[in-house]
10 protein chains.
Amino acid sequence: MNSNPSEFRDILEVFDNPAPQRNFTIEHHCPEFTSVCPKTGQPDYGTIVFTYVPDKICVELKSLKMYLQRFRNEGIFYEAVTNRILDDFVAVVQPRRVKVESRWTPRGGLNSNIIVEYPEESSK
Amino acid sequence: MNSNPSEFRDILEVFDNPAPQRNFTIEHHCPEFTSVCPKTGQPDYGTIVFTYVPDKICVELKSLKMYLQRFRNEGIFYEAVTNRILDDFVAVVQPRRVKVESRWTPRGGLNSNIIVEYPEESSK
Amino acid sequence: MNSNPSEFRDILEVFDNPAPQRNFTIEHHCPEFTSVCPKTGQPDYGTIVFTYVPDKICVELKSLKMYLQRFRNEGIFYEAVTNRILDDFVAVVQPRRVKVESRWTPRGGLNSNIIVEYPEESSK
Amino acid sequence: MNSNPSEFRDILEVFDNPAPQRNFTIEHHCPEFTSVCPKTGQPDYGTIVFTYVPDKICVELKSLKMYLQRFRNEGIFYEAVTNRILDDFVAVVQPRRVKVESRWTPRGGLNSNIIVEYPEESSK
Amino acid sequence: MNSNPSEFRDILEVFDNPAPQRNFTIEHHCPEFTSVCPKTGQPDYGTIVFTYVPDKICVELKSLKMYLQRFRNEGIFYEAVTNRILDDFVAVVQPRRVKVESRWTPRGGLNSNIIVEYPEESSK
Amino acid sequence: MNSNPSEFRDILEVFDNPAPQRNFTIEHHCPEFTSVCPKTGQPDYGTIVFTYVPDKICVELKSLKMYLQRFRNEGIFYEAVTNRILDDFVAVVQPRRVKVESRWTPRGGLNSNIIVEYPEESSK
Amino acid sequence: MNSNPSEFRDILEVFDNPAPQRNFTIEHHCPEFTSVCPKTGQPDYGTIVFTYVPDKICVELKSLKMYLQRFRNEGIFYEAVTNRILDDFVAVVQPRRVKVESRWTPRGGLNSNIIVEYPEESSK
Amino acid sequence: MNSNPSEFRDILEVFDNPAPQRNFTIEHHCPEFTSVCPKTGQPDYGTIVFTYVPDKICVELKSLKMYLQRFRNEGIFYEAVTNRILDDFVAVVQPRRVKVESRWTPRGGLNSNIIVEYPEESSK
Amino acid sequence: MNSNPSEFRDILEVFDNPAPQRNFTIEHHCPEFTSVCPKTGQPDYGTIVFTYVPDKICVELKSLKMYLQRFRNEGIFYEAVTNRILDDFVAVVQPRRVKVESRWTPRGGLNSNIIVEYPEESSK
Amino acid sequence: MNSNPSEFRDILEVFDNPAPQRNFTIEHHCPEFTSVCPKTGQPDYGTIVFTYVPDKICVELKSLKMYLQRFRNEGIFYEAVTNRILDDFVAVVQPRRVKVESRWTPRGGLNSNIIVEYPEESSK
Ligand SMILES: [Ca+2]
Ligand SMILES: [Ca+2]
Ligand SMILES: [Ca+2]
Ligand SMILES: [Ca+2]
Ligand SMILES: [Ca+2]
Ligand SMILES: [Ca+2]
Ligand SMILES: [Ca+2]
Ligand SMILES: [Ca+2]
Ligand SMILES: [Ca+2]
Ligand SMILES: [Ca+2]
Ligand SMILES: [Ca+2]
Ligand SMILES: [Ca+2]
Ligand SMILES: [Ca+2]
Ligand SMILES: [Ca+2]
Ligand SMILES: [Ca+2]
Ligand SMILES: [Ca+2]
């Protein structure tokens, strides 16, 4: 991966949480994600699901879409891209909590899902 | 949004809970909700689900339908309308607890759900 | 509703629990329930699901079917009929615990479910 | 029912648990179960699901199939046969824990499931 | 089974966990598993699902596929192969936790699933 | 069956076909049909589907619903009620063609469908 | 197979076609069929579907169920039993046309369907 | 309905068929259609499906969406709106052939579909 | 592919058609097929479906299973193996007609089906 | 679109039809297609399905995948890309017949399919 991470984050826009006085949950399902396998150079396809409890701000949907499109020609592994998306989301949106799941189409007869949470899930 | 919120709440009608001596659960699924995106002026479409434990009164179904129809030409964002419906429901029906979920059809290849509860869910 | 509740309960027949020494669960799904809306006079259609842990006796299936058919021409609201069925079941079968769920077909574009439990669920 | 229960149990064969040092779960789904209703003489049809944590031994699959076929012409009620299968399984396989579920096809417009566990589930 | 277990494990390749500072979950679904029943000599077919929290390393997908293909002509029972795959995975990947599930196609009208976890699940 | 057939037909209302200059197809799905088995006195439940090409008039939906409700306490067999509904529809709506299908819930482990068309389908 | 075929047919009862003046279609789905494999002695399970255009008479449902139950302990192959059921149906009900389909649960990882029609389908 | 039909048609935009030398098929599924019942004043919800073979021009998607939105507060019956949409489509797009289907959500326990084609389907 | 084709065919066993006087259809679904890609050496997985009208003989199921297992370690392309299976079936079973379909699991994000018929389908 | 069409076609590789003496059907489902909307610059996502009867040659799967990936950053409309893929396929593979279908994910609440055939379908 040769892109500058901070440049990706800059795309994310936010707006004021309309109900910061309560904890509530927002889910965004993004079934049109694609990036490139750094080993084979072949495209990967997947769905990214965000589930979060906003604090002071919420993520703006169109900017989230534009952010995800930045990975279209980016070479990056499943595990790395999912952790990176979580890190970017936490850095910009500063939610009370967030879970990022990536669900990938089959490669070589196997298909994978990655689930990352902030604050971190316990190991048990 | 330029409508008067209290005017919306007035539409909701209630009837006496037939079993106030026990906690029990009522669910109403409303798959024909539509409002208008205040940014684009385009209609949004979704399902609203109410899950509640009534206290002294229950919401009357036809009035719930008429209440939801008031949003048909209202400009309001996903997060705001879901919180507003919860606030209206709590103000009029005064349930022991209630959850409002909104599930929206895709826009720009992404689809979103919002889940709000009273009393408020904890952040963990 | 002008029928005599005790008359309905009398239809329910029971038999000895074949394993009273242990707690186990029995579910009966009854997808052919119909009653009448007391407001509009129109028929309502739904599924009634019983989930119970028997104590000394179990409910006999054919009598449960005949009991539910007694509501065919009875005018009664969703919330009232679900609570009434629970009360009748508890009175006759005296289970260790029981849940009655009613799931109704759509009316006016909305569909509802009611869930009642004995002993009562907590409000949280 | 006029068959000798111990005769049924004798059909079950076992083999050594290949990993007795750890708790792990085995599920067997048996969708081709049939017995006879002792009241009507009509055949009943259902699925039996075993979920167990083996101790020293595991049940051999072909013998489990032959065991279940012994009920083909046996007159026995839903609740009784499910408890009896659990008792036979516990007596022969002596698992750390086991759940037996029977799921029956509709009769008279109703369909039933029975769930029995060892050690016994609590009533709450 | 006449193959050398250590020889199988050698096929598994690993790479550095890109986010060892947090607990996160990786799932791999492998629907094209086949081995041979040691009793009948007939092929068995199933799906293997891995769910794990990596520690210092992650398993490389292509090597996982090649590892599973090694069982193609191996005679081994359901319960044994599932425990063996868990043991191999733990030995090579040393995850914080891992669950291996095998889901088998029907044989003789019955179908089975085996679920093994590390660290071991409790018996209750 | 002791009701007067002509009395049933009188419930059906019609309105002018808005496009009589062309052949087009109208389908009405009515999943809440119930009548009574004349042999057992037990209720039957089914779905009635109308597929027709209107000529000068179309059937009014609310009257179609009220018409079907007239069978609620009527004793009549599957084959007879389907043919009778077709005859009533043809007599009142006089369509260019129409098919009536009834799909019944299981009785005694069997479920049935009846399909009647006007003008009559050929036997081959 | 050592039963007397004519004895089986005798179970089928009929009633007068309520609409012999037109061709219409009747379907009966019978998902609880079981017979015995004459080669292995093991039970087979399947669904039998009848689709027919009645002439002067229709088959009575309860007798159809009792007829199918006669095969419960009968040793007979898939192809033979499907053809025999067609022959029995044609002999007793004398329909204008009839199709009998049998759909069997998997054996040895393969599952089969047999479709027989009267009058006979052409080979192309 | 008090809107001017020609005003609606004007919204539809077209572009040159990129392959007018051959017959090919274009389908557009529009699941977010809503209009108003002229009798009850209540909103109706449905899906509109266009299937057409273009001649010289194709319909532009965004204009098709804007065209359908014009019916949002229009009072018009199922049968009339489906025929009107076909007429508008034929007038503006002049396709070699086109089918318009409308599939409506349930009202009063019944749900309807309307299918209109150009050139007209035959009555048999 | 280095196996001798005639050797494969020899595995297929047949039995006398129990109803050679009529044309009827037999389907066998075989979801556990596996062969090897001659280019990559990787296993392929698929379902083979046979649909045929028998003439004097029918294929015996267990031999069909054993026949298909012979391809387990055979290197052969999708198109070739499907045509070869058809040729073998026609040579041994000599049916009035037969269709062989192979449906393959995804490779490289694409999945394929091959359909071959005897007598040959026309090109239009 | 500023790419050179002949350059795209050059990627497609072929191999000899293993059964040119008969007409048979090959289907390839390619669910991971993506191109770019020339109007908005936003990515489009879809599935491409090829159904063809080969003549002297068949298309090689890996080259078909590489060919489709060439559209990843190409600006081209739904109707144009589907016709272009058909033209390329016919030019290189020269099949007896072929159908290309493209099925696109929703944009603005509408989703589209395009179906193109060679030789051309008739307009009726
Ligand atoms: Ca959630
Ligand atoms: Ca979620
Ligand atoms: Ca609930
Ligand atoms: Ca709920
Ligand atoms: Ca339950
Ligand atoms: Ca389990
Ligand atoms: Ca349960
Ligand atoms: Ca998981
Ligand atoms: Ca139709
Ligand atoms: Ca039919
Ligand atoms: Ca049929
Ligand atoms: Ca089409
Ligand atoms: Ca279509
Ligand atoms: Ca077939
Ligand atoms: Ca095909
Ligand atoms: Ca096809």
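In the predicted model described here, 22 residues of chain B are in contact with 23 residues of chain A, contact being taken as heavy atoms within 4.5 Å. The model is predicted, so local features need pLDDT of at least 70 and side-chain atom pairs count only at pLDDT 80 or more, while totals for chains, interfaces and linings use all residues. Residues are numbered from 1 along each chain as its sequence is written, chains are lettered from A and ligands numbered from 1 in the order in which they are written, and side-chain values use heavy atoms, with hydrogens and water left out.

The size of an interface is often given as the accessible area lost when the parts come together. Buried area is here the accessible area (1.4 Å probe) that two parts lose on being put together, summed over both. For chain B and chain A this area is about 2,000 Å², with 48% of it on carbon and sulfur atoms. Two salt bridges are found across the interface of chain B and chain A, a salt bridge being a side-chain nitrogen of Lys or Arg within 4 Å of a carboxyl oxygen of Asp or Glu. Asp87(B) and Arg22(A) are joined by a salt bridge between their side chains, with an N to O distance of 2.7 Å. Eight residue pairs, both members at pLDDT 80 or more, are in polar contact across the interface of chain B and chain A. A polar contact is a pair of N or O atoms within 3.5 Å; within protein, one must be able to donate a hydrogen and the other to accept it, and residues adjacent in sequence count only if both atoms are side-chain atoms.

On the side of chain B that touches chain A, helix H3 (78-93) and strand E6 (111-118) of chain B each supply at least two residues. Helices (H or I, at least four residues) and strands (E, at least two) are DSSP runs, numbered from the N terminus. E6(B) gives the largest share of this side, seven residues. By class, the side of chain B that touches chain A holds seven nonpolar, eight polar and seven charged residues. In this division, Ala, Val, Leu, Ile, Met, Phe, Trp, Tyr, Cys and Pro count as nonpolar, Asp, Glu, Lys and Arg as charged, and the others, Gly among them, as polar. E6(B) also runs antiparallel to strand E2 (residues 25-36) of chain A, to which five bridges join it; two strands pair if DSSP finds at least two bridges between them. His29(A) has Asn111(B) as its bridge partner in E6(B).

Chain B also meets chain H, in a contact that takes 14 residues from each of the two chains. About 1,200 Å² is buried between chain B and chain H, 35% of it on carbon and sulfur atoms. Two salt bridges cross the interface of chain B and chain H. The side chains of Arg107(B) and Glu32(H) form a salt bridge with an N to O distance of 2.8 Å. Polar contacts across the interface of chain B and chain H number 17 residue pairs, both members at pLDDT 80 or more. Strand E2 (25-36), strand E3 (43-53) and helix H2 (61-69) of chain B are the elements that give two or more residues to the side that touches chain H, and E2(B) gives the largest share, four residues. The residues of this side of chain B are four nonpolar, six polar and four charged.

Over all chains, the whole structure has 90 salt bridges. Within chain A, Asp88(A) and Arg9(A) form a salt bridge, their closest N and O atoms being 2.4 Å apart. Asp88(A) lies in helix H3 (residues 78-93) and Arg9(A) in helix H1 (residues 5-9) of chain A, so the pair ties together parts that are 79 residues apart in sequence. Asp88(A) is buried, at a relative accessible area of 0%, whereas Arg9(A) is partly exposed, at 31%; buried means under 20% relative accessible area, exposed over 50%, and partly exposed in between (1.4 Å probe, protein chains only).

In chain D, the closest N and O atoms of the salt bridge between Asp44(D) and Arg107(D) are 3.7 Å apart. Both Asp44(D) and Arg107(D) are buried.
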